[in-house]
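This report goes through some of the side-chain contacts in one protein model. Look at the structure first, then read on.

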Amino acid sequence: MTFHNLQPAIPGFHPDPTMCAGPDAVHLANSSFEYFPGAPIFRSEDLREWEQVGNVLHRRDQLDLATFRGASAGLYGSTLRYHDGRYWFITTNIATNSAGQLIFSASDPARPWSDPIVVPGTSGIDPDLCWDADGTCYLTWCGPEGISQVSIDPSTGEVRSGQRRLWSGTGMKYPEGPHLYRVGEFWYLLIAEGGTERGHSVSVARSTRPDGGFEPCPDNPILTHRSTSHPVQSVGHADLVEWRGRWWACYHGTRPHGQTPEFHVLGRETMICPVEWVEGWPVFREDLATQVAPDTSLATDFAEGLGPRWVSPQGDLSTADAGPGGLALHAGHAPGRPVVIRVEDLEWRAEATVDVSRGTARLLVYLDDAHFYAIEADAAGVRAVGRSDPFDQCFGAADRRAAEVVTLRIEARFPAPGRGSGAPDLVSLSVVDDGRPHRLAELDGRHVSTEVAGGFTGRTVGLQCLTGTIRCTHFSYRGLPGDADGRPS
């Protein structure tokens, strides 16, 4: 069997994609949950190659992501739109969703975004904005009563109509992620349903009005990989855009590996494919998707500061000081929060050269505080450690009492035939001496997967200061060679 659209356009933990066409490019945003900066923004002129140009949430005083501490908190499903010369981004902070949805705006997606405006009385998730020809703005979201809608003033958050229910799907669980569009004579309501796990799918309905009367497509769901052997699973949460005379869709999916139940470790990743309109309905043409493997590599001495890829959970980069001389991290009275980038490859390697003369450092692959693998170093030595709640263990150690500067390495590889006992990958934790790695542990990657940890995020990799102060003078990340479809070679 031939499978299509195997390579994510934006790989790694980039879920719930939403995109819009502006004057000179298409911009795309993702959910980011507890990570800050939040809601990464990408730009493309051809919908094949994407560049991250910033983040919607880029100042700590815009929004407090630490209100509800823990994994999979923060910013949920969102919508990015361009209207009347301005970009609009509407989202949910799950810690305060009962207060209403949040609207940010900017004249340029790469420039500073506004403080959020709250739309009162719109408790729920996955908000959408759409404008009628007369300027009426519709807020459609997944509320307690299903897919709901009100008319609003997006510049003030004022609600201008009563709440109405629209259409809540074909009967599958969790109808969510609504997006509303005017195409020709019809209004189309696109939703996700079936849950964001293996039953995920996309369905659509249409009406001659934006506020009701929606009739479902006879071919629903119009996109799903459920109950197939497609290497990309859990596809759904789609958005549509017209760009230069052609329609496109973005949606997310996972790439699980290992034996049953299989494990996805990178989170939900952004996929792109063309869309055709057939007898008045959108058809996802995954068979026409152009596969472009993005360059995910990163090498930095931090002289120019932290780039837009660097994030930290619970909205905390306060312990990070990047500039000439490297990245200094401070622990204070408790371990500092990890400072990380998203893992964007199924097989990969990360290295960090760290001065540990005044503190204890970790290079870690991190899913959440209860699920990570790390190699720790201080003036006394190095240790390979791991946590899969409630288990917390040291897997190996090496004495390095004379060393103040140490190079640490984490590498993830598919298991060789006959190894791994069904693991999605094997994670190696090493210390590097004179360019040669000394491996302290090789661990089953399933314990840093969503199937074990739960939640909505994916792996990240980076640094953490446990005690005192550490300084990283070089960090590198790169994908390692693998088959084109991401399957073990």
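Rings of Phe, Tyr and Trp (for Trp, its six-membered ring) form a pair if their centres lie within 6.5 Å; planes under 30 degrees apart count as stacked, over 60 as edge-to-face and the rest as tilted. By this rule the count comes to 18 aromatic pairs. The model is a predicted one: local features need pLDDT of at least 70 and side-chain atom pairs count only at pLDDT 80 or more, while totals for chains, interfaces and linings use all residues. Residues are numbered from 1 along each chain as its sequence is written, and side-chain values use heavy atoms, with hydrogens and water left out.

**Aromatic rings**

One of the pairs is Trp 247 with Trp 277, which is edge-to-face, with 5.4 Å from centre to centre and 75° between the planes. Helices (H or I, at least four residues) and strands (E, at least two) are DSSP runs, numbered from the N terminus. Trp 247 lies in strand E21 (residues 246–254) and Trp 277 in strand E22 (residues 269–278), so this pair ties together parts that are 30 residues apart in sequence. A residue is called buried under 20% relative accessible area, exposed over 50% and partly exposed in between (1.4 Å probe, protein chains only). Trp 247 counts as buried at 15%, whereas Trp 277 is partly exposed at 26%.

Tyr 251 and Phe 284 also form an edge-to-face pair, with centres 6.2 Å apart and planes at 75°. Tyr 251 is in strand E21 and Phe 284 in strand E23 (residues 281–284), so the pair ties together parts 33 residues apart in sequence. Tyr 251 is buried, with 0% relative accessibility, and Phe 284 is buried at 9%.

Phe 13 belongs to an aromatic cluster with Phe 33, Tyr 35, Tyr 76 and Phe 456. Arg 342 lies over the face of Phe 13, at 4.9 Å from the ring centre. For a charge to sit over a ring, NZ of Lys or CZ of Arg must be within 6 Å of the ring centre and within 35 degrees of the ring normal. The charged end of Arg 206 is placed over the ring of Phe 186, 4.2 Å from its centre.

**Salt bridges**

The structure holds 29 salt bridges, each a side-chain nitrogen of Lys or Arg within 4 Å of a carboxyl oxygen of Asp or Glu. The table gives some of them.

| Residues | N to O distance |
|---|---|
| Arg 349 and Glu 411 | 2.5 Å |
| Asp 392 and Arg 387 | 2.8 Å |
| Glu 376 and Arg 383 | 3.3 Å |

Arg 349 lies in strand E29 (residues 348–355) and Glu 411 in strand E34 (residues 405–413), so their bridge ties together parts 62 residues apart in sequence. Both Arg 349 and Glu 411 are buried. Glu 376 is buried at 8%, while Arg 383 is partly exposed at 21%. Arg 387 is partly exposed, with 28% relative accessible area.
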